[in-house]
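Keep the structure open beside the text and follow along.

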Amino acid sequence: MFKFNLRKKRYNTQIFFTIEGRQMSRRCAISGKGPMSGNNVSHAKNRTKRRFLPNIRTVRVTLEDGTTTKLKISAKELRTLKKHS
């Protein structure tokens, strides 16, 4: 189905990044998983807003017609794809 070309790479912790001048959100291409919001809770129970970012990886995928594309996939979906391939 898919062939993966995985390579180690340093990942940036930015919320948004740009590709070809466009802003792309941190969202999984397969499951649609994106950032969630919640609270930082201190020992004194003070609450401040925070974001939980998904673990997104960029993966090269070889399609059945021989072309390769890059997909942004969450780590959980990457495990699932490896299990079923």
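The notes below go from the overall picture to single residues.

## What you're looking at

This is a predicted model, where local features need pLDDT of at least 70 and side-chain atom pairs count only at pLDDT 80 or more, while totals for chains, interfaces and linings use all residues. Residues are numbered from 1 along each chain as its sequence is written, and side-chain values use heavy atoms, with hydrogens and water left out.

On confidence, the mean pLDDT of the protein is 78, with 72% of its residues at 70 or more (pLDDT being the predictor's confidence in each residue, from 0 to 100).

## Overall layout

The protein has 1 helix and 7 strands, and from the N terminus they run β-β-β-β-β-β-β-α. Helices (H or I, at least four residues) and strands (E, at least two) are DSSP runs, numbered from the N terminus.

Of the 85 residues, 15% count as buried; buried means under 20% relative accessible area, exposed over 50%, and partly exposed in between (1.4 Å probe, protein chains only). The accessible surface is about 7,100 Å², and carbon and sulfur atoms own 49% of it (Shrake-Rupley method, 1.4 Å probe; for residues, only the protein chains shown count as cover). Among contacts with a separation of 6 or more, 41% link residues 24 or more positions apart.

Strands β4 (residues 36-41) and β5 (residues 47-52) run antiparallel and are joined by 6 bridges; strands pair if DSSP finds at least two bridges between them. Asn40 has Thr48 of β5 as its bridge partner. There are 5 residues between the strands of this hairpin, and Lys45 takes a positive phi near 65°.

Next come β6 and β7, which pair in the antiparallel sense over 7 bridges. Their hairpin also has 5 residues between the strands, with Gly66 at a positive phi near 100°. Ile56 finds its bridge partner in Ser74 of β7.

Which residues make up the largest nonpolar core? The 7 residues are Cys28, Ile56, Val59, Val61, Ile73, Leu78 and Leu81. Such a core is a set of buried Ala, Val, Leu, Ile, Met, Phe, Trp, Tyr and Cys residues joined through side-chain atoms within 4.5 Å. β6 (56-62) and α1 (75-84) each supply at least two residues of this core, and the largest share, 3 residues, comes from β6.

Leaving aside neighbours within four places in sequence, Cys28 touches Lys33, Ile56, Lys72, Ile73, Ser74 and Glu77. Ser74 sits in strand β7 (residues 68-74) and counts as buried because its relative accessibility is 2%.

Thr58 lies in strand β6 and is partly exposed, at a relative accessible area of 25%. Its C-alpha is 4.5 Å from that of Lys72, 14 residues away along the chain. The two side chains make a polar contact at 3.3 Å. A polar contact is a pair of N or O atoms within 3.5 Å; within protein, one must be able to donate a hydrogen and the other to accept it, and residues adjacent in sequence count only if both atoms are side-chain atoms.

Thr80 is in helix α1 and partly exposed too, with a relative accessible area of 32%. A polar atom of the Thr80 side chain lies 3.0 Å from the backbone oxygen of Lys76.

Note on methods
Contact means heavy atoms within 4.5 Å.
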